[in-house]
Amino acid sequence: MTEALSKPSTGSFPTERSKECPFDPAVGYLEFREKEPIARVSCPAGIDAWLVTGYDDVRTVLNSPGLSSAVPVMGHANPQADFDTPINPGSIIQSDGEAHARLRRLLTAEFTVKRIQALRPYIQKLIDDHIDAMLASTEPVDLVRDFALPIPSLVICELLGVPYEQRDRFQQQSGILTSVDVDPDVAIQANAEIQGFVAQLVVDKMRNPTDDLISRLIARAQDSGQPLSVEELVVLGLSLLVAGHETTANMIALSTVALLRNPDQLDELRANPDLVPSAVEEMLRYLSVVQFGLFRAITEDIPLGDETLRAGEWLVASLASGNRDTSAFPNADQLDVHRKASTHLAFGYGAHQCLGQQLARVELQQVFSTLFTRIPTLRLDIPFEDLRFKDNTLVYGVRSLPVTW
Ligand code: HEM
């Protein structure tokens, strides 16, 4: 793809966060938003891209027809991104047009409010069981390892129909995949095992359909006259695992830290549990864990503000920056559990907006209706300043979270 057809870059893609507040996005966004809200920047991947940082512009551009998602996911931020790897069929997040619409139609029925509500009792039991196990163990415990990671992973097992006896192993291996400090050989092995595991699951469901997402997906595609291939089904299953696990897990742990760091907000939440749904929206906005924004190839010229983004160029729409735009969210740098923040951009915007958002909401709402009620004295076991954050992974979060009570 040709680059820099319009104008040369005027700066670097912001990646450095402030030392004072680890919940604030990279400091460079504020200056771009104020001075050059549609800017050309050089990205860590070695390409130049348009960087869009204002709330309205992010929404406008992500809704434009002239964009393609058939790119390495968040590839702009990854110096090792491979722009030549072909996109796997079935990768919904990287598909466009009719191919995307077909996958989205097939999956949408799995994420209806009714289906997600039906998962509530299972999710609540998982939360209660993990809290019981933490309370029964010796303090301190790592809330990331023992709570934030297993819950979303086990919810996905339930969704995909992973047999109970295999869930521990599945959970363990997907935990390795999504951890940051893991030996590369161990990660490669975990990756291979998970792929083999999902492939086996698909083959089993083809032979013996049960009442689960993969079996229903197979039947629904068959009925539509365009059956899904095994490869597409495996990629779809893995996509759900990757899209739904790390994002939700990081949100659980990071929101816990944010609430402990803002005790006035936590007190309000404790005093008024009805605030939990709005607090969850606010934490999604404030923390914006998809920290490097969304990456697209521009396929048709897009007029935006005073600029024209040209076909053949790259685009990054910054969710984290749009979510801190004071024109959309007054006092945007404050966490405010009373704020009506549901128009935030944390789940993206436009055709690819998060398909699992209702599920993520239910998980987060139940976690934050339960955690501080069942463990009212929950607190950090190390000084806040000693926590280590994931500055360089695609999804932001805290690496580990030693807590006591
Ligand atoms: C707090 C948790 C979550 C966050 C912050 C989040 C964020 C996002 C974002 C920003 C996108 C847009 C990607 C793009 O436009 O390129 C997305 C897409 C997607 N998410 Fe989520 N997500 C979360 C949880 C989940 C869960 C629990 C699932 C399902 C198990 C899920 C499944 C998906 C899928 C399938 C897509 C692709 C949709 C498409 O391409 O049409 N996500 N998510």
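**Reading a predicted fold**

Guide: The protein has 15 helices and 11 strands, where helices (H or I, at least four residues) and strands (E, at least two) are DSSP runs numbered from the N terminus. This is a predicted model, in which local features need pLDDT of at least 70, side-chain atom pairs count only at pLDDT 80 or more, and totals for chains, interfaces and linings use all residues. Residues are numbered from 1 along each chain as its sequence is written, and side-chain values use heavy atoms, with hydrogens and water left out.

Visitor: Why does the radius of gyration agree with a compact globule?

Guide: The radius is taken over C-alpha atoms, and the globule rule is 2.2 Å times the number of residues to the power 0.38. With 405 residues the rule gives a value near 22 Å, and the protein has 21 Å, so the two agree. The C-alpha trace spans about 60 × 55 × 40 Å along its principal axes.

Visitor: How many of the residues are buried?

Guide: Buried means under 20% relative accessible area, exposed over 50%, and partly exposed in between (1.4 Å probe, protein chains only). Here, 53% of the 405 residues are buried.

Visitor: What is the strand order in the open sheet of six strands?

Guide: Two strands pair if DSSP finds at least two bridges between them. The order here is E1-E2-E3-E9-E6-E4, with mixed pairing. Strand E1 (11-12) and strand E4 (67-68) are the edges, each pairing on one side only.

Visitor: Which way do E2 and E3 run?

Guide: Strand E2 (residues 38-42) and strand E3 (residues 48-52) run antiparallel, joined by five bridges. For Ala-39, the bridge partner in E3 is Leu-51.
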